[in-house]
Amino acid sequence: MSIKKILVISDTHNYPREIEKVMRQEKQVDMVLHLGDLEGHGKYIEKVCGCPLQAVRGNCDYDGEWPTDTMVEIGGHLIFMTHGHRYGVNYSLYDVEDLGRECGADIVMFGHTHVPYFDQRKDGFVLLNPGSLGRPRQQDRKETYLIMEVDEETGKIEYSPRFVAV
């Protein structure tokens with residue numbers, strides 16, 4: 001059985017060292033998906049995680065290194081990645097969900113709100129936000145991320161939202 005461990009993060013802003021705390025907890029990951037607002041720290045994140053980084057540009061990423069939106073295929077699942085600011089995710093998730101479905105994705109990942117969110121629909125469609133490692137905005141203000149464990153043979157995915165240990 002081939003399980004791939006994927007770290008999903010967003011909104012690290014100018015707090016890239018928080019990724020070091022995450023890696024002390026997780027030990028190893030096979031891939032990092034970053035949903036924007038890296039603020040120029042992509043190479044640092046890759047170095048600390050020791051694996052490939054796939055990212056999208058957020059509203060605070062001015063260097064143009066990353067695409068605004070992208071599609072990634074993992075374990076037979078098509079993932080639409082976006083920061084979300086262009087689709088009004090602070091107000092509604094309808095636009096980002098519709099766009100993801102139109103693109104044929106069965107998983108839509110977004111950031112921008114700095115608040116973790118996870119919704120798996122009856123049809124299997126998943127809409128998620130890992131929260132923020134840099135500036136969390138949910139009531140408890142805990143830094144959050146998400147681990148996806150993907151069985152590449154069966155396509156089964158287990159989602160584990162996590163907090164950074166103090």
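This is a predicted model: local features need pLDDT of at least 70, side-chain atom pairs count only at pLDDT 80 or more; totals for chains, interfaces and linings use all residues.
Local features here need pLDDT of at least 70 and side-chain atom pairs count only at pLDDT 80 or more, while totals for chains, interfaces and linings use all residues. Residues are numbered from 1 along each chain as its sequence is written, and side-chain values use heavy atoms, with hydrogens and water left out.

**The sheet.** I started with the strands (DSSP runs of E, at least two residues; helices are runs of H or I, at least four residues; both are numbered from the N terminus). I found an open sheet of five strands in the order S3-S2-S1-S9-S10, and its pairing is mixed. Pairing here takes at least two DSSP bridges between two strands. S3 (53-55) and S10 (157-163) are the edge strands, each with a single partner, so one side of each has no neighbour in the sheet. From one strand to the next, the twist averages 20 degrees. For angles, axes are lines fitted to C-alpha atoms, for helices over the stretch in contact, and values run from 0 to 180 degrees between N-to-C directions.

S2 (residues 31-34) and S3 run parallel and are joined by three bridges. Val32 has Leu53 in S3 as its bridge partner.

H1 (residues 18-26) lies across S1 (3-9), S9 (144-151) and S10, and runs at about 155 degrees to S1. Contact means heavy atoms within 4.5 Å.

**Salt bridges.** I get 10 in the structure, each with a side-chain nitrogen of Lys or Arg within 4 Å of a carboxyl oxygen of Asp or Glu.

Which residue does Glu152 form a salt bridge with? The partner is Lys4, with the closest N and O atoms 3.7 Å apart. Glu152 sits in the loop between S9 and S10 and Lys4 in strand S1, so the pair ties together parts 148 residues apart in sequence. Glu152 is partly exposed at 37% relative accessible area (buried is under 20%, exposed over 50%, partly exposed in between; 1.4 Å probe, protein chains only).

Next I checked Asp123 and Arg101, whose side chains meet at 2.9 Å, N to O. Asp123 is in the loop between S7 (117-120) and S8 (126-129), and Arg101 is in H3 (residues 94-102), 22 residues apart. Asp123 is exposed at 53%, and Arg101 is partly exposed at 35%.

Last, I noted Glu158 with Lys156, closest N and O atoms 3.8 Å apart. Glu158 is partly exposed at 44%, whereas Lys156 is exposed at 52%.
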